[in-house]
Amino acid sequence: MRADEDPTDEGLAVTPPKTWATGAPAVAHALKYALGQTSPRRTALTLLNINQAKGFDCPGCAWPEPGAKERHKNEYCENGAKHIADEATSRRITADFFRQHPISELATKSDYWLNQQGRLTEPMVKRPGAEHYEPIGWDEAFDLLATELRALDSPDEALFYTSGRLNNEAAFLLQLFVRAFGTNNLPDCSNMCHESSGSALNETLGIGKGSVSLQDLYEADLVFVVGQNPGTNHPRMLSALEETKRNGGRVIAVNPLPEAGLLRFKHPQKARGVIGRGTEIADRFLQIRPGGDLALFQGLNRLLLEAEDAAPGTVLDHDFIQQHTTGFAEFAEHARKVSWDDVLAATGLSREEIDQVHEMVLASKKVIVCWAMGLTQHKHGVPTIREVVDFLLLRGNIGRPGAGVCPVRGHSNVQGDRTMGIWEKMPQRFLDALEREFGFTPPTKHGLDSVDAIRAMRDGRAKFFLGVAGNFVRATPDSDVTERAMRRCSLTAHISTKLNRSHAVCGETALILPTLGRSDRDIQDGVEQFITVEDSMSEVHASRGRLAPASEHLLSEVAIIGRLARRTLGDSPDIPWEEFERDYGLIRDRISRVIPGFEDFNARVARPGGFRLPNPVNEGVFPTPSGKAVFTRNAFEAPQVPEGHLLLQTLRSHDQWNTIPYAMNDRYRGIHHARRVVLVNPADLAALGLADRDEVDLVSVWRDGAERRAPAFRVIPYPTTPGSAAAYYPETNVLVPLDSVADISNTPTSKSVLVRLEPTGA
């Protein structure tokens with residue numbers, strides 16, 4: 001399809017879902033996409049440097065690389081190859097493009113079409129009342145932003161949103177600028193994905209990150225993969241799970257949908273993956289009802305306690321519980337009262353299936369639980385993850401080799417951004433360290449997260465929005481509400497590499513600030529710079545772009561943030577923004593003095609492969625108020641689905657990265673040339689009086705009584721859990737109510753949206 005064509009769903013074709021993932025077809029699809037974006041030479045240059053010790057980090061997911069000496073020369077997956085080809089595209093957007101396309105027209109275009117236009121090449125402005133973006137010089141752009149910021153009645157009227165694509169150095173400068181400006185309004189993409197993980201892990205273990213390494217995964221006896229689809233979202237995880245299996249470990253997949261990668265994996269870099277059958281990954285597949293994971297782990301915890309009662313001293317790790325935990329007695333009393341009727345109803349599983357998993361747990365000394373959005377994006381997401389921690393604590397599966405918690409992040413440096421201070425609620429010890437290092441007093445009042453930022457714009461309490469990477473209006477819930485809120489701002493600005501819908505949803509004044517990509521060379525004051533990132537397993541490593549920048553007018557994210565800070569703040573406080581722009585090593589020196597674990601940052605990150613941040617949990621230290629890991633009592637909770645309704649989960653297609661599709665296909669699920677489809681169990685279709693390919697509107701049901709409608713979807717019979725449905729985001733984000741959020745974490749409940757299917761035109 002040409003870049004000037006906007007695709008439709010008219011060519012919808014459906015084939016049986018795949019029962020295996022990757023293999024030679026993945027290589028072919030990746031190369032076809034790459035060569036459609038740029039030249040063979042440029043494709044080879046990017047693929048030979050991606051995820052290499054002297055190359056650049058994949059801007060896609062945050063799955064870690066093996067050690068520098070163990071890496072394959074092709075250390076990337078199909079989606080990573082497509083993502084870097086997308087960034088390295090030879091297509092360019094110039095001022096002529098914006099003269100030809102008014103903003104009102106851009107607002108009608110699909111996410112696919114907008115992305116396919118190519119790289120942004122110069123700063124652009126939409127002035128009040130204008131219909132088009134027009135060129136603007138960098139100095140004028142910074143003056144416009146700084147003037148707007150200084151004119152606010154309060155720093156808290158400004159919002160600074162961050163996507164996980166940002167690097168550590170730029171993230172540290174951004175939070176430094178924002179706090180020196182006087183606010184903690186630092187919403188980020190983590191608010192919408194793993195915030196529930198951070199909330200639960202901080203409360204129970206004292207640190208909001210995972211505790212395992214790749215080596216732990218290889219050594220585990222049993223790995224749970226819960227609410228996660230590695231084959232699409234983190235394909236290189238499948239090679240790690242293959243290693244687990246080859247070392248004798250077993251895998252349990254827990255998901256409302258059968259996912260091809262968890263059924264069988266064909267490693268494209270191994271002979272067995274090209275000419276053989278590959279490796280069966282999941283020893284057990286539990287097809288759970290959406291939101292039933294809390295009940296599952298409550299049932300397993302009750303079984304472990306009862307097994308200990310039947311054979312005292314043989315099941316639980318009493319020494320670990322006694323020395324390293326608190327709250328066990330209260331937890332155990334609560335867990336023994338779990339109702340099996342509730343567990344079976346919430347999970348949709350049989351008692352026999354749960355008993356089989358229990359036997360596998362008893363036979364395993366080292367257990368890891370991995371999870372993603374299938375756990376976090378529910379009202380009870382935080383209690384669910386707390387229950388997972390309870391499950392691991394019972395047998396001492398925290399803080400020792402081959403065992404632990406593994407929240408799998410879906411965006412390159414989202415974990416690093418949080419480490420660098422991109423959080424609206426950074427602890428006081430971080431703020432105190434900033435004050436000691438930079439000589440100003442940061443604000444202590446908590447700022448706004450992503451959901452509260454939308455509410456503030458909607459209500460007129462926030463007037464300035466700066467998005468650093470990402471596609472805010474498409475990543476967030478309640479799309480119509482979000483877009484109306486953004487349009488109420490006096491100024492919106494986006495630091496971006498490519499065009500997306502957020503650029504077409506403008507405040508009174510709007511700016512597009514084009515930046516270098518991860519694969520672009522970054523030269524400052526004649527010296528090549530590198531940046532750093534942190535992956536899902538707390539490994540910090542360098543990233544060096546290798547391509548000539550898409551335009552001579554691009555600035556790095558570090559340069560944009562530093563110049564904006566200097567223009568806005570002047571010399572107060574005294575922060576050397578210009579020196580930071582010239583030499584990123586100076587930023588790392590400051591990071592090393594502010595953030596524990598980054599001591600001697602420049603020297604350690606210069607080593608091939610970088611270094612791993614310390615995790616106190618793995619040293620038997622739990623930074624909770626009690627100094628111990630915390631058992632918790634979690635009230636039973638599960639979504640309730642009235643008759644005639646379904647519980648919808650939003651998900652990615654295979655050819656998609658975050659909000660941007662690379663093609664109109666989802667070949668592992670057998671969907672081709674279309675995205676406005678809803679996958680429904682055949683029995684549910686029959687009960688609802690619907691047939692294959694019927695066109696329906698998806699209408700979400702929420703207590704506020706407002707109608708949220710996603711029109712013109714075609715129903716596809718699919719082996720989903722009975723009573724549930726699945727459809728792609730961002731097309732279905734319009735159905736997720738702004739106020740439907742997880743308790744404690746405030747994460748949108750995108751995996752449990754109550755909907756009815758209404759025939760189109762009814």
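**Close-up 1. Helices α15 and α21 pack side by side in this predicted model.** Helix α15 spans residues 293-310. From α15, the contact draws on Asp293, Leu294, Phe297, Gln298, Leu300, Asn301, Leu304 and Leu305. From α21, it draws on Pro383, Thr384, Glu387, Val388, Asp390, Phe391 and Leu394. By class, these residues divide into nine nonpolar, three polar and three charged. The two axes come within 9 Å and cross at roughly 25 degrees. An angle under 35 degrees counts as roughly parallel, so α15 and α21 are roughly parallel to each other. The crossing of α15 past α21 is left-handed.

**Close-up 2. Helix α8 meets helix α27.** Here the axes come within 9 Å and cross at roughly 15 degrees. The pair α8 and α27 is therefore roughly parallel. Helix α8 passes α27 in a left-handed crossing. The α8 side of the contact consists of Glu169, Ala170, Leu173, Leu174, Phe177, Ala180 and Phe181. The α27 side consists of Glu557, Val558, Ile561, Leu564, Ala565, Thr568 and Leu569. Eleven of the contact residues are nonpolar, one is polar and two are charged.

**Close-up 3. A salt bridge joins Arg165 to Glu557.** The N to O distance between the two side chains is 2.6 Å. Arg165 sits in the loop between β7 (158-162) and α8 (168-181), and Glu557 sits in helix α27 (residues 557-569), so the bridge ties together parts that are 392 residues apart in sequence. Both Arg165 and Glu557 are buried. Glu557 also belongs to the contact of α27 with α8.

**Close-up 4. Helix α27 also carries Arg563, which forms a salt bridge with Glu581.** The side chains meet at 2.7 Å, N to O. Arg563 lies in α27 and Glu581 in helix α28 (residues 577-582), 18 residues apart. Arg563 is partly exposed, with a relative accessible area of 23%. Glu581, at 9% relative accessibility, counts as buried.

**Close-up 5. Arg119 and Asp520 form a salt bridge between distant parts of the chain.** The N to O distance is 2.7 Å. Arg119 is in strand β4 (residues 119-120). Asp520 is in the loop between β18 (509-514) and β19 (523-524). The partners are 401 residues apart. Arg119 has a relative accessibility of 1% and counts as buried. Asp520 is buried too, with a relative accessible area of 3%. The structure holds 52 salt bridges.

**Close-up 6. Helix α9 is largely enclosed by the rest of the structure.** The helix covers residues 195-205. Why does α9 count as largely enclosed? Eight of its eleven residues are buried. These are Glu195, Ser196, Ser197, Gly198, Ala200, Leu201, Thr204 and Leu205. The cover over the buried residues of α9 includes the strands β14 (367-371), β15 (404-407) and β24. It also includes the helices α20 (373-376), α21 (381-394) and α22 (414-419). Helix α21 is also the partner of α15 in the contact of the opening view. Just after α9, Gly206 takes a positive phi of about 90 degrees.

**Close-up 7. Val617 is a buried loop residue.** The loop runs between β23 (611-612) and β24 (629-630). Val617 has a relative accessibility of 1% and counts as buried. Setting aside neighbours within four places in sequence, Val617 is in contact with Leu205, Ile207, Ser211, Ile398, Gly399 and Phe622. Leu205 is one of the buried residues of α9. The C-alpha atom of Val617 is separated by 42 Å from that of Asn665, 48 residues apart along the chain.

**Close-up 8. Asn49 is placed in helix α2.** This helix spans residues 40-49. Is Asn49 buried or exposed? With a relative accessible area of 15%, Asn49 is buried, since the cut-off is under 20%. Not counting residues up to four places away in sequence, Asn49 touches Gly55, Phe56 and Arg546.

Terms used: Residues numbered from 1 in each chain as written. Predicted model: local features only at pLDDT ≥ 70, side-chain atom pairs only at ≥ 80, totals over all residues. Heavy atoms only, no water. Salt bridge = Lys/Arg side-chain N within 4 Å of Asp/Glu carboxyl O. Helix = DSSP H or I, 4+ residues; strand = E, 2+ residues; numbered from the N terminus. Buried < 20%, exposed > 50% of the residue type's maximum accessible area, 1.4 Å probe, protein only. Contact = heavy atoms within 4.5 Å. Axes fitted to C-alpha atoms, helices over the stretch in contact; angles between N-to-C directions. Parallel < 35°, antiparallel > 145°, perpendicular 65-115°, else oblique. Left-handed = near helix turned anticlockwise from the far one by under 90°. Nonpolar A, V, L, I, M, F, W, Y, C, P; charged D, E, K, R; others polar.
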